[in-house]
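User: I am new to this structure and would like to learn how to read it. Could you take me through a few features in turn?

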Amino acid sequence: MTAAADPTVAAVGPRVKALREAMDLSLRDLAERSGVSAPMLSQVERGETSPTLQVASRIASGLELRLSQLLRLDEEGTVSIVRAGEGRRGGARGHAYELLTPPLPGLRAEVTRHTLGPGAVTGGPGDPPRHEPGARETTLVERGAIVLHVDDAEHELGRGDCVTFDADLSHHFANPTKEEAVLLAIVSAGLRRS
């Protein structure tokens, strides 16, 4: 006698497929990691079958998630709002930042607002950690002027300028002016190089 499928896991198929593809895993890769057969995974992804909680737990483990994360039980609905001024904050030495995106499991991008005082730079103690391999960053200068240093190159940016670059390269922003600068940065993960 097999365990009945839980209604909570009935619509998990598209999420399993999206997470698997975001990790650049084939069905066979996920089967090896989870102990769930590739044909069963395929049926789950296509919505032809709903996994039992035990099978869903093994799939979650293969995706390096807790079952509650896979099933989105950690989330309070489909819309998450971070109200103005309520983001997680940090920074040091004239550089302050606020993480504007909520701490959701599986989130593939983060949005931060950085404020650089005159002469300040990003990239020191208290700043966000270095970005994972393959990450890409897009930054919009909301106010002031800055210089982006990527590897050995410098790029001068002013109000309204927007730049996109490989964020896993050595980089930092500097404010060489006597005015405060404000940047809006979006870092997205999962862009893998071969």
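**Reading the model**

Analyst: Three strands make up an open sheet in the order β6-β5-β8, with antiparallel pairing. Strands pair if DSSP finds at least two bridges between them. The model is predicted, so local features need pLDDT of at least 70 and side-chain atom pairs count only at pLDDT 80 or more, while totals for chains, interfaces and linings use all residues. Residues are numbered from 1 along each chain as its sequence is written, and side-chain values use heavy atoms, leaving out hydrogens and water.

User: How many bridges join β5 to β6?

Analyst: Six bridges join β5 (residues 145-150) to β6, and the two run antiparallel. Ala-145 has Gly-158 in β6 as its bridge partner.

User: How many helices and strands does the chain have?

Analyst: Helices (H or I, at least four residues) and strands (E, at least two) are DSSP runs, numbered from the N terminus. Here there are five helices and nine strands, in the sequence pattern α-α-α-α-α-β-β-β-β-β-β-β-β-β.

User: Which residues of helix α4 are buried?

Analyst: Buried means under 20% relative accessible area, exposed over 50%, and partly exposed in between (1.4 Å probe, protein chains only). In α4 (residues 53-62), the buried residues are Val-55, Ala-56, Ile-59, Ala-60 and Gly-62. Seen down the axis of α4, they fall within an arc of 160°, so they line one face of the helix. The arc is that of the directions from the helix axis to the C-beta atoms.

User: What do the buried residues of α4 pack against?

Analyst: Contact means heavy atoms within 4.5 Å. The buried residues of α4 pack against α1 (13-22), α2 (27-34), α3 (38-45) and α5 (67-70). Just after α4, Glu-64 takes a positive phi of about 60°.

User: In strand β7, which residues are on the covered face and which on the uncovered one?

Analyst: In β7 (residues 162-166), Val-163 and Phe-165 form the covered face, while Cys-162, Thr-164 and Asp-166 form the uncovered one. Five bridges pair β7 with β4 (residues 136-143) in the antiparallel sense. Cys-162 in β7 is the bridge partner of Leu-140.

User: What share of the chain is buried?

Analyst: Buried residues make up 36% of the 194 residues.
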